Amino acid sequence: MAGGITQTGIFDKGLGNKNKIQGELRSALEILVKNDIELIICEYFRNILEMEWAIEVALEYGLPVAATMCMGPGGDESGMAVGECAVRMARAGATLVGVNCLFDPNVCLDVLKSMKVALDAFELSPYLMAQPLGYRVPDGGSFGWVEIPEFPFAVEPRQITRFEARKWAREAFNLGVRYIGAAVVLNHIISGQWQKNLQM
C-alpha cells in the first residue's frame, strides 16, 4: 500500500522556511507510516526545490520513495528543465521518478522521454513512473488542464478513449516506464486497457 504527500501551499519559490515546510510534510507522513504504508509517493509538486525537501523528509522513514512532479515540457514552475528535475529527484534519493496529473498521456510521454535522456546522461537509473490525466490537453499551457477554457465544467469531450489509453501504455512501457498510475478521469475501464495491453 502506498501513501502520498503533496506540495504544502506555503512554499514560495525558495523563499519559504525549509524547516516549517518539512515539519508539515513530516506530520502528514507520520500518519501514513503509522498505517503501514510500503511506499511513499511525493506527488503533485510544481517546484523542484520543494520536491527535494519532501524527498529528504520521506527518506527518514526507511521506505522506498517515488517522486512525481506536475509539469509539462516547459519544466517546473521556476523554469527548471524537465531533465534537470529528474536528475535532482534521483540524486535526492527517489527510487522512482516521473510526472503526474496536469497533462495528458502524450504530453506526459514527451516529459518522460526528456527525463530519461537526462537520467541516462548522468548514469542514473531510477524506475520511471507516470500518472497522466485522462483528458487531451496539448493546449494546456504551463499548468495543464486547469488552463483550458473548458475547465472545470465542460472538459468531458476531451476524454481519451480506451484505445488511446492502451496505445499510450505500450509506448510508455517501451520507453521504460514501469509504474503506471492514473489521475483525473482515468476510470477503471481505461486503466484496465493498460493492464490488458501490458500483460506478457
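Modeller: Contact means heavy atoms within 4.5 Å. Helices (H or I, at least four residues) and strands (E, at least two) are DSSP runs, numbered from the N terminus. This is a predicted model, in which local features need pLDDT of at least 70, side-chain atom pairs count only at pLDDT 80 or more, and totals for chains, interfaces and linings use all residues. Residues are numbered from 1 along each chain as its sequence is written, and side-chain values use heavy atoms, with hydrogens and water left out.

Biologist: Which residues of helix 4 meet helix 5?

Modeller: Pro105, Asn106, Leu109, Leu112, Lys113 and Lys116 of helix 4 meet Trp168, Glu171, Ala172 and Leu175 of helix 5. By class, this contact has six nonpolar, one polar and three charged residues (Ala, Val, Leu, Ile, Met, Phe, Trp, Tyr, Cys and Pro count as nonpolar, Asp, Glu, Lys and Arg as charged, the others, Gly among them, as polar).

Biologist: How is the packing of two helices described?

Modeller: By the angle between their axes and the distance between the axes. Axes are lines fitted to C-alpha atoms, for helices over the stretch in contact, and angles run from 0 to 180 degrees between N-to-C directions. Here the axes of helix 4 (residues 105-121) and helix 5 (residues 162-175) come within 11 Å and cross at roughly 5°.

Biologist: What is the order of the strands in the sheet?

Modeller: Strands pair if DSSP finds at least two bridges between them. Six strands form an open sheet in the order 1-2-3-4-5-6, with parallel pairing. Strand 4 (residues 96-100) and strand 5 (residues 127-131) pair over five bridges; Val97 has Leu128 in strand 5 as its bridge partner. Helix 4 packs on the sheet, touching strand 4, strand 5 and strand 6.
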